[in-house]
Every structure is written in structure tokens, then in C-alpha cells.
Amino acid sequence: MSAIADLIKLQTNNAADGTGIVKLLAISQRFLGVKSANEIPQFLIDYVQAQQQSQFGSYPTHKDVAPSAVFLACFVLIAIAHGTLFAINMKRGHKFWLSFAFCFYSTLRWIGFALRIVWAKSIVKLHIGIASEVLLILPTVFIASFNLVLAQRIFTWRHPVFGNNKIFWFIMLAFYSVVVAVVVMTIVAGVVPYLYFLSRSHYDMCRNVVKVTSILITLYSLLSIAFVIFTYLLPITERNRNALVYQPFWIKSFSPFYFPPAHASIEGEGLFLDEHANDSRTPMRTIIGGGLDTIDNHDLPEAEELAQYDKAGEKKFTLRNNLSVWIITITSIFVFIGALFRCIGCFIDDVYGSESWIYRPVVMYVLWGALETICNILYLVGRIDLRFYRPDKFSKVNRNLVPSEEKNIDNTSSNLSSDTRKPPSTEFTDAVGLKLPADPADLYVFSFQELSSLLDSTYSNIIMDQLTGLAHTIQDMLSLKYSEASFSIDTIEQYGGLGIIIVSPSTSHISNMVSSKGYPVGHLYTTLKGGIGVRLKCNDQELTFVNVHLNAGEKKHHLVKRNKDIYDILSGLEFDDGWSVLKPMGHGFIMGDLNYRNTGAFQLGRCDFANSNELLKDDELTIMRNSNIVLQMYDEAHVGFEPSYKYVVGTDKYNKKRIPSYCDRILYVKGGNYTVFKYDAIKECRSSDHKPVYLYVGVGDPPRDIINNSGYLATNTGRVTVILRWNYKLRKILVHQISAITTYLLSCGLWLNSSRGRIFTLFFLILLMIFWKYIV
């Protein structure tokens, strides 16, 4: 055996023992005349392996398959947990990107253990083994870096002025860049001896680099603890005490199953800026102080939470619950122990044939498997996504503090409802501004559909950000039109791709505002189509506004689907007063893209678009209403405008691929006293294939009942409907649960079809092919 080994070594130009194992394997195959490395005699493999430099966790054998599989499963579950937490928070507008980072770290861990299983089955699969070692070392650096980010947020909380300073951020970024360089040096110095034959001097150089970097990584793992200690030792200056601190006061709890309300961060941002509109100080964004009374599990209105927050004073710089610091401390110690043992192993310089106990696989499984599993349990159960959440940067429209005015009561009775489809641009604001009445109305209601792409529409935080920008743009537009009046944004509601914005002058008295949960009618109950409503009192008049977007299509089954959908929406929307959309003694409006089409009884180019009466004879909604099939309790003002759909974007020309139709409508409940001043389309808007429509109407006495002429409760079909039946309530509950699942699946599918998703899919398929080839 020694003679064979010596003959093979002659082919290496007397390189240092333990180097070039990958090339040595190929030489052995050629020398022995075997086709596969698996055919090399085991005694020769054992002889060469015994001369290899020992590594932390040692070289795996068949005994390593079971423990590696256990931790493979653990880190797969951990990755899923972090990913799920990230997805739920993002859906609610709570952006904590470290959850995604932890998901990525966990993924590297389980891939590393998976590759170790493959390597254990065949020790000659050296490329798999090298990849496994790299993917097991890298996560140690990542988790230490994440702890340092958490410690950095503790520092920023205690010292908000310097912690938010650009110089501090540049210092930290420069430091992270050095860490990246150290990691690259570690990988290169560790991998090169396996790939190439090296002289003794070059091999010693690589070993020394590994030793130095292992010391740096060990010290780096303790840096987060040192940073926390420094944070508390450094006195809080008067400048920091007097800073305008902006903490996420809307977070009510740190419990494992608590999630902030949807869009709470956006609402909190608006409340904070309104409260400090006249403050010249720059807001300093920090994590929330645990000493605040807001962390008490009491779900108070956000305005009251903000009032408590502003009164907190010195409590903003104290931690009532020191678990945040303990999470950093415990996890950093666990990571440090793993890094320290690896560092010691680098200095022992044993070879595999006579390695110390410190290299044994059980040590690695305890330190990189068990302890890091405990670390991740602490991260998840301790809810670092809440404890260390720092409010996002202010939205573009709020980069400067926005002043606001208080409302006064004034008894007037007019409102403007507008249905628009695209975000306000200069074209939009100019066009809408031309349609506004000479005197300000008491209420302005804007409904939006298809605010964004299909993918973005499945993320409520993206749509809510757009709606917030739209609301402030509309507010500015009205303030410019009526310079003598001040306007307030009363509410912003969102469901799927739908949005409602309500703005009123300060002279209007808005009260008792409630919104519905929304109801999905998209395919498989996705939220791409559906409805959402808002009910409020304006100057003692109760008003209900419903924004709907029904399914498209020009065939008969599409019409049947729309009829069913409008019934489901109007009966499925629920408000907190026990009533659905129809309510006695209340005005009601339905607006949006109802998508009802003309039946196609005329040909494009052979009809008079100016003659709306003639066109409406073939209008599906008119026919359905006159036949008492849908919306028989609703009326519509005289339609004197041309069909609002479908236009060639950027022009006033109809698209010949669709029948011109009155898709966009606004209707109101019959029986009330209404004075219609104007019902028209805004032809000047050309940024969509729809033309927005608007209704300028005065409201007087409301309808007194919702009973039809046959004595039945008025519904979309005229039939008796017992809304409180258990099976119906159960159906609505199931619909919302199904909708959440299907919308999430749709979101995943759309994302996978994006450029990023395709790259991810390609990467996943490559991994799948590797696992199929080497494991299955």
C-alpha cells in the first residue's frame, strides 16, 4: 500500500501532504485504470484520508447520516417559520427584512447538512464535501452579523441622534464590508488546499490565514454583546433626550402569536406626523422602548396609543422587559462557543488519522446544530420582528412633516363621489380639478380598482402605500382648488386591488365611521376582484359607500357570474352595526368597475356614441335592473356620456377588440331625496383603458325602509334571505379562509413568473436535480 501511495505521490511533484486531494483523486483513477472514484480500493482511500488536515466536524461516515438528517429537518422547519413570519408581516405592512435574512441563513444551514448526508454516503464526492463545509461555516458568520444588527438597533434606541447619523451608518457598512472580506479570505484559504497541490510554504500560508480569520470570526461573534454593553455604558446626552423619537407605538405586544393590525404602520406614521406637524425637529426612528404603556396587550385606538407614547418621557430610554438584551446575549454566547471550538481546532493542526476529540462530529452537531436551533427558537418565540422593529422610512409624500387642520361642524348637504382607475398624475389632477364644483362639497369619495400589477395587488402593503400617496395628492389638489378651505383625509381603506379614499373639508362633521372587511369574488375567491365598503355619518346623514370590481367578459356565462358576484358582495359585506350594505334610514352608493357590457347588438362604427339612450338599450346592467334581477333597489342618474370602456391607452379611440361598454358606474339606493348636479365621465384622463366617472349629488332625506313592493327584504334577487343563518355565516367564514389561501398561492405563482421568481425557480431546480442524483 505504501509503495502505491509513493508512486502516486511522485505525480504530485512532491507537494505537501494533505494538499490537492481533488487532483490526487483523479490521478489515482488514471493510475489504477478505474472509471469511477468509487472503484478505488478502500485501503488506499483510508490511507490518503488519514493524511488530510482535520476539520471541525471531521469527515463524515455512514454514522453521520442520521444526525445530519435530524438537523436538516430542524432547519427546514426553522426556514419555513421565518419565511412565514416574514410573509405575514409583509402582508400587514410590517416590514422586518431580518426575518427574510434568517430564512436565508436557515436555508444555507439545511443545504449544508443535506450535502453532508450526500458526502457521508461517498467520501470521494469531494466537491460535495467542500460545498458542505462552506455552507456550514458561512451561517455562523451570518447569525453573528444579524445579532450585531440587533445590537445596533439597541444602540440607536438609546442614542437616537448618533444612531440615525449617516456617519454611524457609513462606519457600520464599512465594518460589514471588512467582515465580507474576512469571510472570502477564509473560504479561499480553506478551499484552495483541497483543489490544488501546494508547496509546504504555500500550504502553511493558507493554514495561517485560516487561523487568523478564525480568531477574527470568534471575536466578531462577541461584538454584539460588547456593543450592547457599550450602549448602556455610554451616557445619554441631553441632545438625545430632547430628540423627537419616532417609535412603533402601534405594537401592542411581544407575545408569540401577536401580529400588528394591518397597515398599522401607515396609520401610525400619519398620526405621528399630524401630532408633530409644527415640530422643527427631525424624527429619529428607533425600536420601541419596552417601558412604554403601549406594550400592555391593550388594544386602544391608535390616537390614544400615541398620546400615551408622547407622555412616556424617560421611559422611551428604558427597557421594561430585558428579554430583548438577553436574546442577543444568549444567542451570541452560543455562536461564540461554536466559533471558539472551530478556532481551537484550527490551531491544533491535527490530521484525520490522529485527530483530537474536538474534531468529533458530535461536537459540531451540538454547537452548529443544537445550539443554533435553540437560538432560532429564541428568535421566533421572543418575536425579534416586534422587539427590534424600526419604523420604515417615511413615505415620499410624508418626507416632510405634514400639517393638518381640525374639523368643524357645518350643516350642508352635498357630496362628490368619483370612480377612478389609475393613480393621480398631473393629467389626472388637472382633469379632476376642472370637474370640481365652484364651492367645496361636504364629502369627496374616491374609489380605485386595479391600482397596480396583478402581483403587487396581492400585497396589501404595496397597495396601501399607493393609496396613501394618492390620498395626499388628492388632498393637495383640493387645497389648491379651494384655497380658502382646509381638507382632511378621513379614511383610507383597501382590499386586494381595491381602494377607497374619503376626504372632507374641515367644516364637515364626520363620525361613526366603520369599514367592512371586504368580500372576494375573483376566480377561486382571490381578492383580485371583490368589494369593500365604508359607512359613516356626515353632518348627521348616514352614508354607505361600496367600491366593487366585478369579473370581466362579454359572454352569457360572464354576465351570470357578475350577477352572482354583486349579490355575494352586497350580502357578504358586514359592518359593525349588524347591517349589511342596505340599511334603513341610510343613503347608499355603489361605485366602481361593475364590468357590465353591451350585448353586442351593434357593430363598432355603426352606432351613435353620442346617443346614450340608444346604447343603454343593450346595456346589461340596465336590462338586469329593469328585469328586477340585480340592484333593483338602486337607481342611477341619467347617463349622458359615452361608454367608459375600452379605450386605446393614451387616446380617445375605442379598442376594436372589445365592445364599447358602460363598465364604470355609480348608483344610489332608491327612495331617498337626491339632487343630481352632474353625472359624467372624465374624458381628459387617458392613462387607462377606462374613463373615470364621477357623480356630484346632493343628499336630503334618506330612504325610510328597504322593503320592496312584494313585502320582502330587498335583495339582489328579490327573494327572502335570512342573513344570520348559521350555514350562511359559515360559508362567509370559509370564503375568507379560502380567499387567503388562494390569494397567497396566486401571489406565489405570479412571483415565480417574475424575473426574480424565474431565477429562484432555476436555482431550486438545480438543487432538486442535485438531490435527485445524489440522494434519491
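**Aromatic pairs and a buried glycine in a predicted model**

I start with the rings. F71, F75, F102, F104, Y105, F113, F142, F146, Y365 and Y379 are joined into a cluster by ring pairs. Keep in mind that this is a predicted model.

Searching the whole structure gives 35 aromatic pairs. Take F155 and F162: the ring centres are 6.1 Å apart and the planes stand at 80 degrees, so this pair is edge-to-face. How exposed are its two members? F155 has a relative accessible area of 2%, so F155 is buried. F162 has 38%, so F162 is partly exposed.

Another edge-to-face pair is Y444 with F487, with 5.9 Å from centre to centre and 75 degrees between the planes. This pair links distant parts of the chain, since Y444 belongs to strand 4 (residues 444-448) and F487 to strand 5, 43 residues apart. Both Y444 and F487 are buried.

The charged end of R158 sits over the ring of W157, at 6.0 Å from the ring centre. For R535 the ring is that of F575, and the distance to the centre is 4.2 Å.

Next, one glycine. Where is G497? G497 lies in the loop between strand 5 (487-495) and strand 6 (498-505). Is G497 buried or exposed? Its relative accessibility is 5%, and buried means under 20%, so G497 counts as buried. Beyond four places in sequence, the contacts of G497 are F448, Q449, E450, L451, S457 and T527. The C-alpha atom of G497 is 8.0 Å from that of S460, which is 37 residues away along the chain.

Now the cysteines. How many disulfides are there? The count is 0. C663 is buried at 0% relative accessible area, and C685 is buried at 4%.

For the protein overall, the secondary structure consists of 23 helices and 15 strands. There are 776 residues, and 54% of them count as buried. Of the contacts between residues at least 6 apart in sequence, 77% join residues at least 24 apart.

Last, confidence. The mean pLDDT is 78, and 82% of the residues reach 70 or more.

Definitions and conventions
Residues are numbered from 1 along each chain as its sequence is written. This is a predicted model: local features need pLDDT of at least 70, side-chain atom pairs count only at pLDDT 80 or more; totals for chains, interfaces and linings use all residues. Side-chain values use heavy atoms; hydrogens and water are left out. A disulfide is a pair of cysteine sulfur atoms within 2.5 Å. Buried means under 20% relative accessible area, exposed over 50%, partly exposed in between (1.4 Å probe, protein chains only). Helices (H or I, at least four residues) and strands (E, at least two) are DSSP runs, numbered from the N terminus. Contact means heavy atoms within 4.5 Å. pLDDT is the predictor's confidence in each residue, from 0 to 100. Rings of Phe, Tyr and Trp (its six-membered ring) pair if their centres lie within 6.5 Å; planes under 30 degrees apart count as stacked, over 60 as edge-to-face and the rest as tilted. A charge sits over a ring if NZ of Lys or CZ of Arg is within 6 Å of the ring centre and within 35 degrees of the ring normal.
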